[in-house]
Amino acid sequence: MSAPGENLRINGDRLWDSLMEMAQIGPGIAGGNNRQTLTDEDGEGRHLFKRWCDAAGLTMGVDQMGTMFMTRPGTDPDALPVYIGSHLDTQPTGGKYDGVLGVLAGLEVVRTMNDLGIQTKHPIVVTNWANEEGARFAPAMLASGVFAGVLDQDYAYGRKDQDGKTYGDELKRIGWLGDEVTGARKMHAYFEYHIEQGPILEAENKQIGVVTHGQGLWWLEFTLTGKEAHTGSTPMNMRVNAGLAMARLLEMVQTVAMDNQPGAVAGVGQMKFSPNSRNVLPGTVVFSVDLRSPDLAKLTAMRARIEAEAEAIAKSMGVGYAVEAVGHFDPVAFDPTLVDRVRAAAEKLGYSHMDLISGAGHDACWANRVAPSTMIMCPCVDGLSHNEAEDISREWAAAGADVLFHAVVETARIVS
């Protein structure tokens, strides 16, 4: 036969139990997770995932960026593998499902194939990409970016966290520096299953998001240099106030985003005052601007306007100014054949679905550069993500994993 029958489903209870067990590693303070890249907690989560994969008969490869590749062999030794991937690392105050759902659903696809005795021509590789979040080491999707050849590995190794520790050193410290050349693997196709991280599917009462495109992104890191001075004794007209300059830049970023509606977003999620004392005007303010759009021309124009207006604001206030692009990818169009296959699987299984543009960046955005790729999404409550209150239902998780199972097995081609 060429495709699994519509009566076949993954084991939703087993998938949910795996999600809950992984969530016990690196617990947050409010019900979520703090399992940041290359921390001891990340290492513990990797070991648990490996134990599960070992039990499912998968063999492990690890590349020089620390990405884990867990392989179920196919019947044709020359056939390129079908990859299923996402990430196990989290935000500092992350949820239990962002990324983790995609990795463990990939494992569940393999477990279900084992249960049903399904063999495929193409191997299946379940992938845990390293440093997808970029919370500890910017930029996001670091390992998949090196894999796709858009980022340099030496650059990646030199990325520092806020304590000055480098990616390369921490990768060695936790014992997950692999020997595979990053990017040497070839893919037949790549699938990624993820929570939506937005409110559309829930609002439209749809079970499945068929992801056709991904937004492009710029992460811009601004450094404003003022003059440290006592907040109580420095006259207002004699201040060089980097904090005030930042406030005006934040308002400008909001204006630029609103001027480009619809189809554009921008905001600030990270900032650091130095010396960060309540009665000292900051000498330095560093903050990041995240801007996104599925329209490349709009994205490019927004970046140019934000940088130009930011420089003008700083200059008018006598504040030093610098900007660095610390993350970028162009808008993505996913493979039409795989998109159609996901849509057809949802229809065959009787799940309600709609087309989506991914608002967030994902490893699939880089994988799409080297192989046909696509994504599947499930709803999340109130669209909330990157938050410990992130939530999905057991039924939502299983529905998307069912679609993933059918699309992957059809792509890998069942052999009788």
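Into which domains is the protein chain divided? Domain 1 takes in 12-215 + 331-412, and domain 2 takes in 216-329; these bounds come from an automatic or database domain assignment. The model is predicted, so local features need pLDDT of at least 70 and side-chain atom pairs count only at pLDDT 80 or more, while totals for chains, interfaces and linings use all residues. Residues are numbered from 1 along each chain as its sequence is written, and side-chain values use heavy atoms, with hydrogens and water left out.

The centres of domain 1 and domain 2, taken over C-alpha atoms, are separated by 32 Å. At the interface, 16 residues of domain 1 are in contact with 15 residues of domain 2, where contact means heavy atoms within 4.5 Å. The two domains bury about 1,100 Å² between them, 62% of it on carbon and sulfur atoms. Buried area here is the accessible area (1.4 Å probe) that two parts lose on being put together, summed over both. Of the area that domain 1 buries against domain 2, 48% is supplied by Q162, Q215 and P331, more than by any other three residues.

Polar links across this interface can be listed briefly. Between domain 1 and domain 2 there are zero salt bridges, a salt bridge being a side-chain nitrogen of Lys or Arg within 4 Å of a carboxyl oxygen of Asp or Glu. The rule finds one residue pair in polar contact across the interface, both at pLDDT 80 or more. A polar contact is a pair of N or O atoms within 3.5 Å; within protein, one must be able to donate a hydrogen and the other to accept it, and residues adjacent in sequence count only if both atoms are side-chain atoms. On the side of domain 1 that touches domain 2, the residues divide into nine nonpolar, five polar and two charged. In this division Ala, Val, Leu, Ile, Met, Phe, Trp, Tyr, Cys and Pro count as nonpolar, Asp, Glu, Lys and Arg as charged, and the others, Gly among them, as polar.

The structure as a whole holds 17 salt bridges. One of them joins the side chains of R394 and D13 at 3.1 Å, N to O. R394 lies in helix α12 (residues 394-412) and D13 in helix α1, so the pair ties together parts that are 381 residues apart in sequence. Helices (H or I, at least four residues) and strands (E, at least two) are DSSP runs, numbered from the N terminus. R394 is partly exposed at 33% relative accessibility, and D13 is partly exposed at 46%. Buried means under 20% relative accessible area, exposed over 50%, and partly exposed in between (1.4 Å probe, protein chains only).

A second salt bridge is formed by the side chains of R173 and E170, at 3.0 Å, N to O. Because R173 and E170 are three residues apart in helix α6 (residues 167-173), about one helical turn separates them. R173 is partly exposed, with a relative accessible area of 44%, whereas E170 is buried, at 7%. Salt bridges that share partners join D40, R136, D161, E170 and R173 into one network. Another salt bridge links the side chains of D290 and R292 at 2.7 Å, N to O, and R292 counts as buried at 13% relative accessibility.

E307 is placed in helix α9 (residues 296-316). E307 counts as buried because its relative accessibility is 19%. A polar contact of 3.0 Å joins its side chain to that of R303. Not counting residues up to four places away in sequence, E307 touches L220, Y321 and V323.

Y157 lies in helix α5 (residues 153-157) and is partly exposed at 22% relative accessibility. Leaving aside neighbours within four places in sequence, Y157 has contacts that include Q64, M65, T166 and Y167.

Backbone details remain. The peptide bond from A138 to P139 is cis, with omega near 5°, and P139 is in the loop between β5 (124-128) and α4 (142-147). The bond from Q261 to P262 is also cis, with omega near -5°; P262 lies in the loop between α8 (242-259) and β10 (265-274). L38, which is not a glycine, has a positive phi of about 65°, and L38 is buried at 0% relative accessibility. N205, also a residue other than glycine, has a positive phi near 60°, but N205 is exposed, with a relative accessible area of 65%.
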